[in-house]
Structures are given as C-alpha cells and as structure tokens.
Amino acid sequence: MKFFVDGANVKEIKELAEMGLVDGVTTNPSIIAKTGRKIKDVIAEICEAVDGPVSAEVTATDVEGMVREGKYLAKIASNVCVKVPLTEDGLKACYRLRQENILVNVTLCFSSMQALMAAKAGATFISPFIGRLDDIGQEGMTLISEICQVYDNYPEITTQVLAASLRHPLHVKQVAEIGADVATLPAKVFKQLVKHPLTDNGLDAFLKDWQSTGQSIIED
Ligand code: G3P
C-alpha cells in the first residue's frame, strides 16, 4: 500500500520521508493557502524532496483554463500530478492532459459512478473523500469498498484508488483492509499510526533494566 502525505509542510514531509513512509504528496488549494507561499515554490520544493507523485490542484473551472493551468503545473517538475475536480470540464481536462502523458488525480469524488467516469477519462488516481462523507452522516468507507469492487471487475482499469480526507488511524486501517491503492494522510495521522503506549512503556522498562547492569554495548 502506498502512503502519500496530505499537506504542504516541507519539513514534516522530509521527516516522514526519513522513515521511508512517503510514496507521494497531495495538496489542494486550502492546503496551499495555509502555507502563505506561492504554489509554484511550494510544489517545486516538495517535488525535490519526494520521488513519487505530488498532486497540485488547478483552480480554473473551465476546461481550457484547467488544461492551461495543468500544463503550467506539470512543468514545475516531472513528478507533478495535476489535480482536477470531478466535473464535466474536469473530466475533459483529465482526458486532454492524459493524452499528453501528464499524471492526473481526479478529486472531490463522492460516488462509485463518478469514480468509473474518471477511470474512463484516463485518471491516474481517483480521490474519494471519506471524512467529508462521514461529516454529513454517510458511511465514507462504503464508498471505498464500492469503488474497489467496480474497478476490480474491469482489469483494463488502471486508475488507482487514492483514499483521501482520512482523519484518523481507524480510517487508515479500514482502507488498508479494503485494499485501496493509496492512502493520503495528514502528518499528524502518520505520527498517530506509529505511536503505541505499550511500545513507549516497554522501551522505558528495557532502558531502566539495562542501566542497572552498568554495561554499554560498545565498549571501546
Ligand atoms: O486530499 C483531500 C483532503 O485534503 C481533504 O481532507 O480533511 O479537508 O476533508 P479534509
């Protein structure tokens, strides 16, 4: 399973990459806005820090505008993946950008049939938003199961299911059990996934016992 960092804090991304946990990065206009920096600079810096795909989202809503912005973003680095919304114009832009071999992530997906349309349009990734469905009282996780089931029925579909809007470790456990290709997580959730109180307690006890021996492993 691939893990992407959902965020644009380069320091945090680099720290997670040092553990070998980062296969890519996703951003969106809200995430970029929080940095207070220019999208071009942030995306360039992330692309240098990470080998895998780095999603950068267009903000035009018409097809020509999306294609123009998409091509501009794709020129920032070879691992840029252009993110377009799941609208009719977004699918047209996806189809056009894919003709030029540009990676495309189709975002804001809330139904399995939207996901099927994105696959037909040639999307590299489809981003269903789990947490935002949970927010309105619908089972976000059901959407991941439905998309995986539909895609699995058609071996010619190569679009990868990128589970997004994951807010906590249980979301990650569930998408991993279902078999999503990618989970994109805020840095905070990576840290929650690593941490376990029994690990910390166990390590404390080991170190205390070790200290009582007076030994050090390396003697000279
Ligand atoms: O990748 C999409 C994700 O950033 C949305 O997450 O928590 O804003 O719904 P959230």
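Two strands count as paired if DSSP finds at least two bridges between them. That rule applies to the chain described here, which is a predicted model. The chain contains 11 helices and 8 strands, and 8 strands close into a barrel with parallel pairing.

**The barrel**
- The order of the strands around the barrel is β1-β2-β3-β4-β5-β6-β7-β8.
- On average, neighbouring strands of this sheet are turned by 30° against each other, with direction ignored.
- In general, strands of a sheet pair through backbone hydrogen bonds, and the pairing is either parallel or antiparallel.

- Strand β6 covers residues 125-128 and strand β7 covers residues 160-163.
- β6 and β7 pair in the parallel sense, over 2 bridges.
- Opposite phenylalanine 125 stands glutamine 160, which lies in β7.

**Extent and burial**
- The C-alpha trace of the chain spans about 70 × 35 × 30 Å along its principal axes.
- The chain has 220 residues, and 45% of them count as buried.
- Of the contacts between residues at least 6 apart in sequence, 55% join residues at least 24 apart.

**Surface and charge**
- The accessible surface of the chain amounts to about 12100 Å².
- Carbon and sulfur atoms account for 53% of that accessible surface.
- The chain carries 22 positive and 29 negative charges.
- The mean position of the positive charges and that of the negative charges are 7 Å apart.

Key:
Residues are numbered from 1 along each chain as its sequence is written. This is a predicted model: local features need pLDDT of at least 70, side-chain atom pairs count only at pLDDT 80 or more; totals for chains, interfaces and linings use all residues. Side-chain values use heavy atoms; hydrogens and water are left out. Helices (H or I, at least four residues) and strands (E, at least two) are DSSP runs, numbered from the N terminus. Buried means under 20% relative accessible area, exposed over 50%, partly exposed in between (1.4 Å probe, protein chains only). Contact means heavy atoms within 4.5 Å. Accessible areas come from the Shrake-Rupley method with a 1.4 Å probe; for residues, only the protein chains shown count as cover. Lys and Arg count as positive and Asp and Glu as negative; His and the chain ends are not counted. The place of a charge is taken as NZ of Lys, CZ of Arg, CG of Asp or CD of Glu. Axes are lines fitted to C-alpha atoms, for helices over the stretch in contact, and angles run from 0 to 180 degrees between N-to-C directions.
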